[in-house]
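Have the sequence and the 3D view at hand as you read.

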Amino acid sequence: MEEYGRGHKMLIEAIEGISEEVLRFKPAPDHWSIHQIIIHVTDSEILSTHRMRKVLAENEPLLYSFDQDQWVDELRYDVLDREQHLQLFESLRLSMQPILDHLTEEQAERGGVYPDGLRFTFKQLLEYRVQHIRGHLAQIERVRDAYRATQS
């Protein structure tokens, strides 16, 4: 829960001081830029916050995923405001903090089910949010490395 609460700060630190050129650099046509990663992380957070709240508020609710690549293309992530999305990400995380502060063991074990039948508990959904940020922080570093490689 502590790392979940630091997610926004971790994202800010990962992109601090990076030029717009690097933020917009795509290592390959089918790879995301750092800018797109930030927008994706926020869109994913919107949906995940909804899933976690559903699991706590409803009895075994149906949960849904999304086609992340289609969202990047169809929502035109390149033209969306990165700072606005970072603020939204922070607000979403902050909105969950009082819920997490008062979470009981029983609530942590409540679950929801995806259409394919896979069941996830609140605790698992929360752990996935932490892993999701870790994975994208590593992806940001890979994009930075790829940019540096083009400059040598």
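Buried means under 20% relative accessible area, exposed means over 50%, and partly exposed covers what lies in between. The model you see is predicted.

Let's begin with Asp-67. Its relative accessibility is 41%, so Asp-67 counts as partly exposed. Asp-67 sits in the loop between α4 (34-57) and α5 (68-74). A negative surface patch takes in Asp-67 along with Asp-30, Asp-69, Asp-73 and Glu-74.

Next, look at helix α6 (residues 82-101), where you will find Ser-95. Because its relative accessible area is 30%, Ser-95 is partly exposed. Leaving aside residues up to four places away in sequence, Ser-95 is in contact with Thr-49 and Arg-53. Thr-49 lies 46 residues from Ser-95 in sequence, while the C-alpha atoms of the two are 9.0 Å apart in space.

Now turn to helix α4, which holds Glu-45. Is Glu-45 buried or exposed? With a relative accessible area of 0%, Glu-45 is buried, because the cut-off for buried is under 20%. Which residues does Glu-45 touch? Beyond those up to four places away in sequence, the contacts of Glu-45 are Tyr-4, Phe-89, Leu-92, Arg-93 and Arg-129.

| Residue | Relative accessible area | Class |
|---|---|---|
| Asp-67 | 41% | partly exposed |
| Ser-95 | 30% | partly exposed |
| Glu-45 | 0% | buried |

Definitions and conventions
Residues are numbered from 1 along each chain as its sequence is written. This is a predicted model: local features need pLDDT of at least 70, side-chain atom pairs count only at pLDDT 80 or more; totals for chains, interfaces and linings use all residues. Side-chain values use heavy atoms; hydrogens and water are left out. Patches are made of residues with over 30% relative accessible area and no salt bridge: like charges are joined within 9 Å, nonpolar side chains (Val, Leu, Ile, Met, Phe, Trp, Tyr) within 5 Å. Accessible areas come from the Shrake-Rupley method with a 1.4 Å probe; for residues, only the protein chains shown count as cover. A salt bridge is a side-chain nitrogen of Lys or Arg within 4 Å of a carboxyl oxygen of Asp or Glu. Lys and Arg count as positive and Asp and Glu as negative; His and the chain ends are not counted. The place of a charge is taken as NZ of Lys, CZ of Arg, CG of Asp or CD of Glu. Helices (H or I, at least four residues) and strands (E, at least two) are DSSP runs, numbered from the N terminus. Buried means under 20% relative accessible area, exposed over 50%, partly exposed in between (1.4 Å probe, protein chains only). Contact means heavy atoms within 4.5 Å.
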